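Visitor: I have a structure to look through with you. Could we go over it piece by piece?

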Amino acid sequence: MRKKALSTVMAASMVLGIIGGSGMTVAAEENVTLTVLAGQGTTDAGIEDMIDEALAKKYPNITLEWECVDWGNDFQPKMQQYMQSGLPDIMVGKGQDVKTYGSQGILAPIEEEYLNAGLEASRENVSIDGVCYGLVYNAQYQGVYYNRDMFEENGWEVPNTMDELQAIIDDCKAKGIVPFASHMVDIWSIGNVTMQFMMNDVFNKDPEWGDKFRAGEVSFSEDANAQAAYMNNKLIFDNTFEDTFSKEQTDCDAQMVLGEAAMKVSGSWSIQNFLDIDENFNFGIFPFPNQTGDSKLIFEPNMTFMTSATTEHQDAVNKVLEVLTTDKDLALEIYNYIKTSPMLKDVTPTFPNPSQEDIDKYAAEGRIVDVTLGNNALVWGGFQEENAKDIAAWLQGDTTFEDALAASDARVDASSAG
């Protein structure tokens, strides 16, 4: 966890300007410090400095006091803590967090003038009963990143079925190439790829599966599609680095770029590492195949700004939202830094992204799905994350597959935000 505050540039007694040369002065607005809880992903650390700098230029009387925590491990516990003691003025989470906290009446609606700066898709899954409680700033895509040059050299076509994927795996192993780069030391990564599998084998076929699970109509232990989603982790485990349970993400991504692995099930957060290692790395992305050969690329509304319904500084909060949505130089700086897709209108990142042509292709084919569907049905926190721990234990031989499924069933009460 990191806490930081930008020193206020202007004291309350400073003068803003002189009117018409008459000597009359206009007093500065009162200094305000806003608290911010930022649940950050692996690419996000550092954007708080960019926001501070842009805010100081336009509203030097507003200071942001940041508390930056890891979204996967610490954001939910922090929110629970602050719900007891009083929320920060601003919270930065993911799109799925809006349903979790907005349904409890603790978030303030986002005003239309700020929402209008975003793409229409940015509102879709951060609204409750027609009211939008989150400002979605960027988006990530999830699927299988692949070494485009390696695929071309070996004559591999992008797979649409599990059989086609298995043929690539078999050819990789015959040629001494590791099929998948994976860092299973990160429980969040296991949880993430499992939801990718669940999206394409479960939720794309039955969007109501989560509600049926809580009603006792379906279960992990009895649903073949859910079991297939879990079993895909074993496919990766059997075809990745032997030290996957001790390998860090940066090392894993480096080996992918260096040609030591052909594919990686991941999301846009890997792009930053890819390009830091080799700005000319030629990579693409495709959906992990499902059992029926009709999988979709996964879209995730990512960095989402939420505000407290009880803040005492709503005007200052709105000024922060104004800077975020109108300062296009700031937006471009952030998007180029974190290497993700914009959700603001009229902002086009300039970082190289060879996978964009694949994204455009799947979008044109109607083969993109919003992962918020799955994350709202089965929440992260005490459910997906705990399931991932059981999956890790099963892969390492510490429990059985059946026990891992049964453990997921047993925590059904933790699967919903409601």
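Visitor: Where is the place of Asp170?

Guide: In this predicted model, Asp170 sits in helix H6, residues 162-174, where helices are DSSP runs of H or I with at least four residues and strands are runs of E with at least two, numbered from the N terminus. Residues are numbered from 1 along each chain as its sequence is written. Because this is a predicted model, local features need pLDDT of at least 70 and side-chain atom pairs count only at pLDDT 80 or more, while totals for chains, interfaces and linings use all residues; side-chain values use heavy atoms, with hydrogens and water left out.

Visitor: And is Asp170 buried, partly exposed or exposed?

Guide: Asp170 is partly exposed, with a relative accessible area of 42%; buried means under 20%, exposed over 50%, and partly exposed in between, with a 1.4 Å probe and protein chains only. Asp170 and Asn239 are 69 residues apart in sequence, and their C-alpha atoms are 9.5 Å apart in space.

Visitor: Switching topic, what lines the largest pocket?

Guide: The largest pocket has a volume of about 350 Å³, and of its 22 lining residues the closest to the centre are Trp71, Lys94, Trp188, Asn192 and Trp269. A pocket here is an open set of points on a 1 Å grid over the protein atoms alone, where a 1.4 Å probe fits, with protein on both sides within 12 Å along at least five of seven lines, and lining residues have an atom within 4 Å of a point. The volume is the space filled by probe spheres set on the points, which are joined across faces, edges and corners.

Visitor: Which helix gives the most to that lining?

Guide: That is H7, with 4 residues, while H2 (71-85), E10 and H7 each supply at least two.

Visitor: What about the largest nonpolar core, how many residues has it?

Guide: The largest nonpolar core has 128 residues, and those with the most contacts inside it are Tyr137, Met198, Trp209, Phe220, Met263 and Phe305. Helix H7, residues 187-203, gives the most to this core, with 8 residues. Such a core is a set of buried Ala, Val, Leu, Ile, Met, Phe, Trp, Tyr and Cys residues joined through side-chain atoms within 4.5 Å.

Visitor: Which residues is Met263 in contact with?

Guide: Leaving aside neighbours within four places in sequence, the partners of Met263 include Tyr146, Phe151, Pro179, Met256 and Phe286, where contact means heavy atoms within 4.5 Å.

Visitor: Phe286 is in strand E13, I think; which way do its residues point?

Guide: In E13, residues 283-286, Phe283 and Ile285 point one way and Gly284 and Phe286 the other, and all are buried. E13 is joined by 4 bridges to E10, residues 138-147, and the two run antiparallel; strands pair if DSSP finds at least two bridges between them. Gly284 is the bridge partner of Tyr146.

Visitor: Then H14: which residues are buried there?

Guide: Asp358, Ile359 and Tyr362 are buried in H14. Seen down the helix axis, the buried residues of H14 fall within an arc of 100 degrees, so they line one face; the arc is that of the directions from the axis to the C-beta atoms. On the other side of H14, Glu357 and Ala364 are exposed.

Visitor: And what covers the buried residues of H14?

Guide: The cover includes E10, helix H5 (148-154), E13, strand E14 (297-301) and strand E17 (368-370).
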